[in-house]
Amino acid sequence: MAEKPSITVLSDTYDLYMKKAKQAKENGNLSIAKRNFLLASQTMMEMAKQSEGKLKEIRMDRARRLVKLTENIDKKPEKIEKKSSGESNEEDDEVKKWQTAQIPNITFADVAGLDDVKKSITIRMINPVKYPEKYKMYGKKSGGGVLLYGPPGTGKTMIAKAIANEVGAKFYAVKGSDIVSKWVGESEKNINSLFEEANKQDRAIIFIDEMDNLLGTRGVDTHNDKRVNEFLQQIDGFAGRNQNLLLLGATNRPWDIDSAATRSGRFSEKIYLPLPDAAARKFMIEKNMKNVPVSKDFDIDKIVEQTEDYSGADIEELCDRAKDEPLLKAIATDSVVDVTNEDFDRVLEKMPPSVTPKEIERFEKYNEEVNGLIKKNKKQG
Ligand SMILES: Nc1ncnc2c1ncn2[C@@H]1O[C@H](COP(=O)(O)OP(=O)(O)OP(=O)(O)O)[C@@H](O)[C@H]1O
Ligand SMILES: [Mg+2]
């Protein structure tokens with residue numbers, strides 16, 4: 001039987017899980033953050049079991065609070081409801097929150113694969129901001145919108161963050177669910193103030209993440225319909241007048257978006273972000289394992305082969321989990337324990353790809369409908 005780990009070991013383990021959790025949360029990797037907060041909570045519980053009195057209580061309480069934290073990690077505070085209680089400055093605060101205060105530290109170089117996507121985005125959204133005179137000289141129009149779509153965890157939000165980094169424009173990042181309100185009329189007001197604020201800037205990008213939440217197909221739910229109508233009006237109003245307003249949307253349910261939202265002059269350019277190919281997977285695994293102690297015969301190509309149909313988010317999680325056991329051993333024995341292919345095998349056995357073949361098929365079909373003809377023509381030309 002293994003001995004119970006000492007408090008020092010547990011405490012070091014706890015610190016490590018917390019560090020990983022916080023880092024993941026900062027990077028927006030909520031599933032990894034969640035898992036590590038839970039592991040930290042379990043570790044704290046272990047520590048509580050080995051303590052007495054007041055200290056025991058504090059540790060139990062901390063463990064419980066960490067569980068609570070994971071439950072609420074992807075929930076937004078219900079700030080919109082508060083607004084109707086008459087606080088006058090809430091709306092301004094709301095707009096300020098929309099704007100990414102801290103632009104995340106992600107660049108295109110961090111995004112694996114997706115070269116075509118990066119190129120399209122550069123031409124459409126980044127260069128017009130960086131080289132406005134050149135665009136003018138060549139009579140190239142800017143403005144309008146791009147919709148990124150693809151299975152969950154393929155880098156849509158990541159690309160949006162990278163764009164925020166690359167351009168000097170004001171970047172308004174909103175989640176569909178942030179604008180949607182239970183209160184009649186509030187969503188419309190939110191949309192209106194968002195556009196108004198963005199329009200004050202010399203150049204602005206409005207990024208709507210989880211766009212299907214905001215602009216669902218009309219005819220099913222009257223709240224949604226009002227929202228969609230308001231949004232379309234705003235886009236048309238500003239897009240006509242203001243070439244300096246760029247729209248960026250992301251969704252993993254493109255078929256649920258009202259088709260009027262993706263017409264010409266709106267989110268008209270649709271860009272597909274597929275699951276990562278072998279080269280992209282290799283890039284991600286290498287990045288994840290950089291400076292990590294691995295066995296001499298560690299074979300990344302084998303993992304690349306094993307992870308066909310895994311999303312970028314899956315790969316991130318896989319690498320994170322594979323490190324768990326060697327890491328725990330390293331702490332317990334105060335030594336260096338290499339990560340091996342067996343560590344990956346063990347995790348892979350219990351971790352199928354998060355996107356099912358049926359879902360992939362649906363995306364491929366949608367993509368074929370939307371972009372298939374264009375691609376075929378390009379290949380011939
Ligand atoms: N192409 C990629 N290159 C590098 N890392 C990636 C890539 N795609 C996904 N990842 C990893 O997966 C995580 C989640 O990606 P992201 O949030 O961009 O997915 P998403 O496409 O927006 O998913 P969802 O549809 O669920 O919102 C990223 O933080 C990153 O660690
Ligand atoms: Mg996303």
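A polar contact here is a pair of N or O atoms within 3.5 Å. The model is predicted, with local features needing pLDDT of at least 70 and side-chain atom pairs counting only at pLDDT 80 or more, while totals for chains, interfaces and linings use all residues. Residues are numbered from 1 along each chain as its sequence is written, and side-chain values use heavy atoms, without hydrogens and water.

**Around ligand 1**

- The ligand is surrounded by 17 residues, each with a heavy atom within 4 Å of it; Asn29, Ala112, Gly153, Lys156 and Thr157 are the closest.
- Backbone atoms take part too: a polar one of Ala112 is 2.8 Å from a nitrogen atom of ligand 1, and one of Thr154 is 3.1 Å from an oxygen atom of the ligand.
- Of the 630 Å² of accessible area that ligand 1 has on its own (Shrake-Rupley method, 1.4 Å probe), the protein covers 84%.

**Aromatic pairs**

- Rings of Phe, Tyr and Trp (its six-membered ring) pair if their centres lie within 6.5 Å, and planes over 60 degrees apart count as edge-to-face; the count comes to nine pairs.
- Tyr149 and Tyr366 are edge-to-face, because their ring centres are 5.1 Å apart and their planes lie at 80°.
- Tyr149 sits in strand S1 and Tyr366 in helix H17, so this pair ties together parts 217 residues apart in sequence.
- Both Tyr149 and Tyr366 are buried (under 20% relative accessible area, 1.4 Å probe, protein chains only).
- Trp255 also pairs edge-to-face with Tyr366, at 5.9 Å centre to centre and 75° between the planes.
- Ring pairs link Tyr149, Trp255, Tyr272, Phe363 and Tyr366 into a cluster.

Terms used. Chains are lettered from A and ligands numbered from 1 in the order in which they are written. A polar contact is a pair of N or O atoms within 3.5 Å; within protein, one must be able to donate a hydrogen and the other to accept it, and residues adjacent in sequence count only if both atoms are side-chain atoms. Rings of Phe, Tyr and Trp (its six-membered ring) pair if their centres lie within 6.5 Å; planes under 30 degrees apart count as stacked, over 60 as edge-to-face and the rest as tilted. Helices (H or I, at least four residues) and strands (E, at least two) are DSSP runs, numbered from the N terminus. Buried means under 20% relative accessible area, exposed over 50%, partly exposed in between (1.4 Å probe, protein chains only).
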